[in-house]
Amino acid sequence: MRVRHVFDHTLIFRFYQQSRYSAAALLGALESDPKLSSLRVLAPPIPPNEIIKKYLRQGHVTVAYSVMSTQVDRVSDEVREIRSQFGNTVTLLAGGPHASARPWELIDAGFDHVLIGEGERAFPEMVWRLMNGSDVRGVEGVVSEHMETYPKPRDLPKVNLDDYPPFALDLNIVGPVEVTRGCPFACKFCCTPFLAGGTVKHRSVESIVSWLRLAVQKRNFKRTWFLSPNALSFGGSGGRAAPEKLKQLLSETTSIEGLEEVFFGAFPSEVRPDFVTRDTLQILRRYVSNETLQIGLQSGSDRILEAINRKHTVEEGMMAVRTTLDSGFVPHVDMIFGLPGERDDDVRANIETCLTLIEMGAKIHAHVFLPLPGSAYENMPPGHLSEETRTTLGRLAKRGYLTGSWGTQERLAQKLSSRCI
Ligand code: SF4
């Protein structure tokens, strides 16, 4: 077996806005690994063919993609281009949500190896092995051509978030700090339980503070966001809030010298309605800079909420919105249209709930149901809006009460559905 010289290796991590949070975390893991200090790492936001051409003259090139299910067509087109121009002289790696849910699809698209599950430990190990000409198939979670079985993310060893940086400060690829991973709920439209597991883990407050201090020093960070499937669950077991931990997180991060603003419970995170209480929102109000709170209600029909396994009612959502308004935040409420099994009366309940929420002072973030790979509903029919619903959403959007990309999501839902197996 030929041993490659470690100085000859270039890793090109194709950077997409859509998967920027994964890119920040994975590149952070690479740059913090002392074994990889001689690796040349690039993260171009454009198709990498010209860069590949340049660095192939200097040694081996690996190109990595973190693939979300909504990006598969675009990524597959790029991979086809790379293969037709460079053949097998380039190694192509894929990870991310789609890799975990449908690894064979990415192998068929032309990737050499696909990584299932969390990438912080396994991805640097794969790159290290490639640099040394060893077999990456020994890395847990790696799927390659001709492998007949592959694991599920839940079967793989878990990563401790504190062992890795939340972002790549040297490359200046930064994003929100992921403070919580995993969710004990099992909403049927969501792929988080499949991808990240039903057990919740948190980054420690010490780790969050220390990385943010460094980001202020090195990258002049002025503000930060936190990423969590359910922000108000921070520090607890996932099933209920841990207000003391939440307070510690917010009081310590907002005391970091030079960090002017901390955003919590707002986009890109959200909170479950059943976690919204006066006490927790008082803690938030004291520390955070966001004026809004992102609340996942998802449907205005109790029948649908039960069917999708949300484990809360419409009334609990309404109470959360009232508490949010009373605490001085503007509630931004996530609602999904076109969920499986939705009848006309459920659609009407959805619209009526939206109108009531708007009257109360909330804003609506409307979504169309996407049959996401890895979710319990991955094989369900794609979300679709009636003309009447589309008109109503458009009218509310024009008046500034509602946002969303329902047209794009309807098209994506169709595409995802057409790839269902
Ligand atoms: S939608 Fe939220 S609460 Fe439900 S499973 Fe997904 S992350 Fe958990």
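Predicted model: local features only at pLDDT ≥ 70, side-chain atom pairs only at ≥ 80, totals over all residues.
User: What is omega for the peptide bond that joins Phe267 and Pro268?
Analyst: Most residues other than glycine have a negative phi, and most peptide bonds are trans. The bond between Phe267 and Pro268 is cis, with omega at about 10°.

User: Is Asn172 buried or exposed?
Analyst: You'll find Asn172 in the loop between β6 (142-144) and β7 (177-178), and its phi is positive, about 55°, although it isn't a glycine. A residue is buried if 20 or more other C-beta atoms lie within 10 Å of its own, exposed if 12 or fewer, and partly exposed in between, with C-beta atoms placed from the backbone. Asn172 has 12 C-beta neighbours inside 10 Å, so it counts as exposed.

User: How many other C-beta atoms lie within 10 Å of Asn220?
Analyst: Asn220 is in the loop between α8 (205-219) and β10 (223-227). Its phi is near 55°, a positive value in a residue other than glycine. Asn220 is exposed, because the number of other C-beta atoms within 10 Å is 8.

User: Which residues does Leu130 touch, leaving out those up to four places away in sequence?
Analyst: Leu130 lies in helix α6 (residues 122-131) and counts as buried because it has 21 C-beta neighbours inside 10 Å. Contact here takes C-beta atoms, placed from the backbone, that lie within 7 Å of each other. By that rule, Leu130 touches Thr62, Thr91 and Val136.

User: How far apart are the end C-alpha atoms of α12?
Analyst: The expected span of a helix is 1.5 Å times one less than its number of residues. Helix α12 (residues 314-326) has 13 residues and should therefore span 18 Å, and this agrees with the distance between its end C-alpha atoms, 18 Å.

User: Which elements do the buried residues of α12 pack against?
Analyst: The buried residues in question are Val314, Gly317, Ala320, Val321, Thr323 and Thr324. They pack against α10 (278-287), β12 (292-298), α11 (302-307), β13 (330-337) and α13.

User: Is α13 roughly parallel or roughly antiparallel to α14?
Analyst: Axes are lines fitted to C-alpha atoms, for helices over the stretch in contact, and angles run from 0 to 180 degrees between N-to-C directions. Helix α13 (residues 344-360) and helix α14 (residues 387-398) have axes 11 Å apart, at an angle of about 10°. Since angles under 35 degrees count as roughly parallel, over 145 as roughly antiparallel, 65 to 115 as roughly perpendicular and the rest as oblique, α13 is to α14 roughly parallel.

User: How many nonpolar residues are in the contact of α13 with α14?
Analyst: Val347, Ile351, Cys354 and Ile358 in α13 meet Thr389, Thr392 and Leu396 in α14. Ala, Val, Leu, Ile, Met, Phe, Trp, Tyr, Cys and Pro count as nonpolar, Asp, Glu, Lys and Arg as charged, and the others, Gly among them, as polar. The contact has no charged residues, two polar ones, and a nonpolar count of five.

Definitions and conventions: Residues numbered from 1 in each chain as written. Helix = DSSP H or I, 4+ residues; strand = E, 2+ residues; numbered from the N terminus. Contact = placed C-beta atoms within 7 Å.
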